[in-house]
Amino acid sequence: MSEAIKNIKEPVRKTKVESYDISRSDETLHLATDLAKFIKDNKLSTTVQGKEFVNVEGWQYAGARLGIVPIVDHVINVSTEQEIKYQAKVTLFDMKSGHTVGAGFAVCSNKEQGKKFYQEFAIMSMAQTRAIGKAYRNILAWIIRAAGYEPTPAEEMEYGGNTPAVAQPAMVVAPATAPAPVAAEAPAAMKAVPAEAPAPSVTETPATAYASASQKEEIIRLLNHPVITRPEKTKMLLNINRLDEERATQAIAKLKKAIDDRENGQSAAA
């Protein structure tokens with residue numbers, strides 16, 4: 001009888017999923033070890049002048065293990081006639097406590113080295129990516145350092161633009177050895193630039209109006225209601241940055257209805 005019971009119990013093994021508490025240094029040091037392996041295995045770092053800088057995906061992984069997710073508060077178009085430029089703000093939301101625990105600001109411009117021909121959506125996207133990295137850097141830099149990496153997001157290193165500057169003289173010097181091909185190729189290159197220059201999708205930006213900060217705050221407030229389940233809360237928070245104003249309005253309405261229905265159901269059952 002005892003052997004039969006033992007055979008039944010042995011296969012029942014629950015895998016423990018580790019999560020960490022940022023307020024406990026002993027736990028976060030264990031996270032640093034796990035983080036170092038994850039970054040190395042998935043090649044989530046960039047080497048700049050012999051130093052390793054972690055890509056934003058690595059910072060997001062560290063945040064996810066701590067239950068901290070990024071929320072894009074706003075992306076502002078601060079462009080001029082001569083420059084495409086966006087500013088983004090990201091806040092960090094702790095899913096365990098239900099509070100904001102950090103924030104980060106960043107900008108991106110097509111005046112930066114290597115981004116001269118970037119389309120407008122790419123400039124806007126990079127501003128958000130940098131803001132996410134900056135927000136995490138403000139609270140998790142010491143964990144990244146403990147993992148053996150530089151405490152600056154790799155995307156921020158693009159501001160320096162030291163590496164592309166070396167490539168440009170090579171392009172200028174090479175034509176000097178072959179004057180004839182240059183004369184033929186130069187007009188083609190000059191024509192190619194104006195062909196793409198009028199393409200900035202300035203008129204497309206208003207078409208995609210992302211959810212406002214007040215809408216996101218209202219969604220988070222409703223998600224913290226006791227009748228909303230943790231899976232529902234997690235799913236909504238992971239997709240909150242993709243909502244436009246219309247979908248955010250619909251989400252708020254659905255959450256309010258769900259809360260009312262469940263509260264009424266509970267009172268009726270009582």
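Biologist: Among contacts between residues at least 6 apart in sequence, what percentage join residues at least 24 apart?
Modeller: This is a predicted model: local features need pLDDT of at least 70, side-chain atom pairs count only at pLDDT 80 or more, and totals for chains, interfaces and linings use all residues. Residues are numbered from 1 along each chain as its sequence is written, and side-chain values use heavy atoms, leaving out hydrogens and water. Contact means heavy atoms within 4.5 Å. Among contacts between residues at least 6 apart in sequence, the share joining residues at least 24 apart is 64%.

Biologist: How many helices and strands does the protein have?
Modeller: Both are DSSP runs, numbered from the N terminus: helices are H or I, at least four residues, and strands are E, at least two. Along the sequence the pattern reads α-α-β-β-α-β-β-β-α-α-α-α-α-α. The totals are 9 helices and 5 strands.

Biologist: What percentage of the protein's 270 residues count as buried?
Modeller: Buried means under 20% relative accessible area, exposed over 50%, and partly exposed in between (1.4 Å probe, protein chains only). Of the 270 residues, the buried share is 33%.

Biologist: Why is H3 largely enclosed by the rest of the structure?
Modeller: Its buried residues include Val56, Trp59, Tyr61 and Arg65. H3 is largely enclosed because its buried residues number 7 of the 10.

Biologist: Which residue follows H3 with a positive phi?
Modeller: The phi is near 75°. The residue is glycine 67.

Biologist: With which side chain does the side chain of glutamate 83 make a polar contact?
Modeller: Glutamate 83 sits in the loop between S3 and S4. It is buried without a salt bridge, and the nearest side chain of opposite charge, lysine 85, is 4.7 Å away; a salt bridge is a side-chain nitrogen of Lys or Arg within 4 Å of a carboxyl oxygen of Asp or Glu, with Lys and Arg counted as positive, Asp and Glu as negative, and His and the chain ends not counted. A polar contact is a pair of N or O atoms within 3.5 Å; within protein, one must be able to donate a hydrogen and the other to accept it, and residues adjacent in sequence count only if both atoms are side-chain atoms. At 2.4 Å, the partner is serine 109.
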